[in-house]
Amino acid sequence: MVAGARWDRLTWGPRRRRRRMLRLLRELDRQDALASPPAWRAPPDLAYAVPPRPRRRTAVAVVPIVATLAITGGLLWVRGVADEHIDHVASIIPMSDTRPPVAADAQAGRLVPAPRAPSGSGGFDLLSTNAVSVAAYDPCRPLHLVVNHEAAPPSADVILRDAIAMVGPAAGLRIVLDGATDELAQSRRPPTDASRYGSRWSPALVAWTTPERVPVLDGDVAGVGGSVAVTDSSGHLHNVSGIVHLDGPALTELTRRRGGHEVAVAVVAHELVHLLGLAHTQESGQLMNAENSGQTTLGDGDRRGLALLADRPCAREL
Ligand SMILES: [Zn+2]
């Protein structure tokens with residue numbers, strides 16, 4: 001998934017890690033967003049068709065049977081170090097006879113108005129595509145989330161709700177919090193778990209966890225997010241489940257800082273956007289810029305990317 005040596009370099013002891021994070025947070029305070037370079041502009045009507053090849057297309061690992069989750073590094077976005085962490089891995093599995101029945105809450109039409117792609121500058125990149133479509137969630141059913149509070153900061157629920165409020169309307173999705181779960185973060189989470197969630201795709205797991213449990217969170221990485229997609233009979237990709245793993249201790253420390261809540265919301269929103277299907281972009285001024293230097297809200301490129309993901313018909317086979 002990630003080159004071992006690369007992550008070895010990022011494995012620091014807790015004390016050194018904390019010092020580095022505090023230094024990076026100070027740097028975060030100092031940085032200003034850079035002027036936006038010319039952007040790749042994605043016409044909104046390209047959604048659900050073959051997308052333009054992204055400038056930095058992300059790797060897609062095709063897993064034939066066993067589903068693993070798309071993991072994308074999410075950072076505290078400090079320019080100059082973030083490029084150490086850029087890694088995108090997505091998983092795609094074929095639709096099979098063992099898929100769960102069509103969700104009971106799937107509707108015939110979309111639940112939230114399709115967002116309009118804004119004009120202006122700012123690009124985006126897609127996390128997972130194939131020859132015919134982009135992987136995204138069905139706009140005609142709620143996207144369910146469950147939350148594990150193993151290492152959650154006191155304001156975790158407010159942070160998550162604020163992040164959902166930022167991302168949901170821009171994604172044209174109804175994101176529903178189903179409540180708490182005792183399911184802990186794991187690196188290879190299957191997309192179904194009948195014993196825990198019944199005969200359906202598992203709700204996406206938002207886990208406030210620790211680097212000890214999720215080693216990819218060591219170093220400067222504050223969260224990871226991604227989804228598993230299935231291909232339907234026509235070859236189109238649909239995200240069906242996913243994860244957002246958050247570094248609870250680091251984000252707890254962050255929330256104690258002045259302005260920390262806003263940054264924590266941005267971190268969670270960034271990971272939620274990975275969950276929905278966007279990768280990192282090199283465009284400055286975007287929440288999905290891996291080298292972000294203080295952006296805490298969605299930029300035009302982020303919104304344009306989310307609008308592209310949202311522009312798709314109902315997923316009738318799921
Ligand atoms: Zn990221």
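**Group meeting: the α3–α6 packing and its surroundings**

Good morning. I begin with a pair of helices: α3 crosses α6 in a right-handed sense. By class, the contact between α3 and α6 comprises 15 nonpolar residues, 1 polar and 1 charged. The structure before you is a predicted model, and what I report has been computed from it.

Let me give the geometry of that pair. The axes of α3 and α6 lie 8 Å apart, and the packing angle is about 45°. That angle makes α3 oblique to α6. On the α3 side, the residues that meet α6 include Val 158, Ile 159, Ala 163, Met 166 and Val 167, with Asp 162 also among them. On the α6 side, His 261, Val 265, Val 268, Leu 272 and Val 273 are among the residues that take part.

Now some context for the whole chain. The protein contains 7 helices and 8 strands. It has 318 residues, of which 58% count as buried. Among contacts with a separation of 6 or more, 81% are between residues 24 or more positions apart.

Helix α6 has a further partner. Helix α5, residues 248–255, crosses α6 at roughly 145°, and the two axes come within 7 Å. Here α5 contributes Leu 251, Leu 254 and Thr 255, while α6 contributes Gly 260, His 261, Val 263, Ala 264 and Val 267. The residues of this α5–α6 contact divide into 5 nonpolar and 3 polar, with no charged residue.

Which residues does Val 273 touch, once its neighbours within four places in sequence are left aside? They are Val 167, Leu 278, Met 288, Leu 298 and Leu 306. Val 273 is located in helix α6, and its relative accessible area is 0%, so this residue is buried. From C-alpha to C-alpha, Val 273 and Asp 302 are 8.5 Å apart in space, although 29 residues separate them in sequence.

That brings us to α7. Of the 11 residues in α7, 9 are buried, and the helix is mostly covered. What provides the cover?

Finally, the disulfide. How many disulfides does a search of the whole structure find? The search returns 1. The bond joins Cys 140 to Cys 314, with an S to S distance of 2.0 Å. Cys 140 sits in the loop between β3 and β4, and Cys 314 in the segment after α7, so the pair ties together parts that are 174 residues apart in sequence. As for its handedness, the torsion about the S-S bond is about -80°, and the disulfide is therefore left-handed.

Are the two cysteines buried or exposed? Cys 140 counts as buried because its relative accessibility is 2%. Cys 314 has a relative accessible area of 14%, and is likewise buried.

Note on methods:
Residues numbered from 1 in each chain as written. Predicted model: local features only at pLDDT ≥ 70, side-chain atom pairs only at ≥ 80, totals over all residues. Heavy atoms only, no water. Disulfide = S-S within 2.5 Å. Helix = DSSP H or I, 4+ residues; strand = E, 2+ residues; numbered from the N terminus. Buried < 20%, exposed > 50% of the residue type's maximum accessible area, 1.4 Å probe, protein only. Axes fitted to C-alpha atoms, helices over the stretch in contact; angles between N-to-C directions. Parallel < 35°, antiparallel > 145°, perpendicular 65-115°, else oblique. Left-handed = near helix turned anticlockwise from the far one by under 90°. Contact = heavy atoms within 4.5 Å. Nonpolar A, V, L, I, M, F, W, Y, C, P; charged D, E, K, R; others polar.
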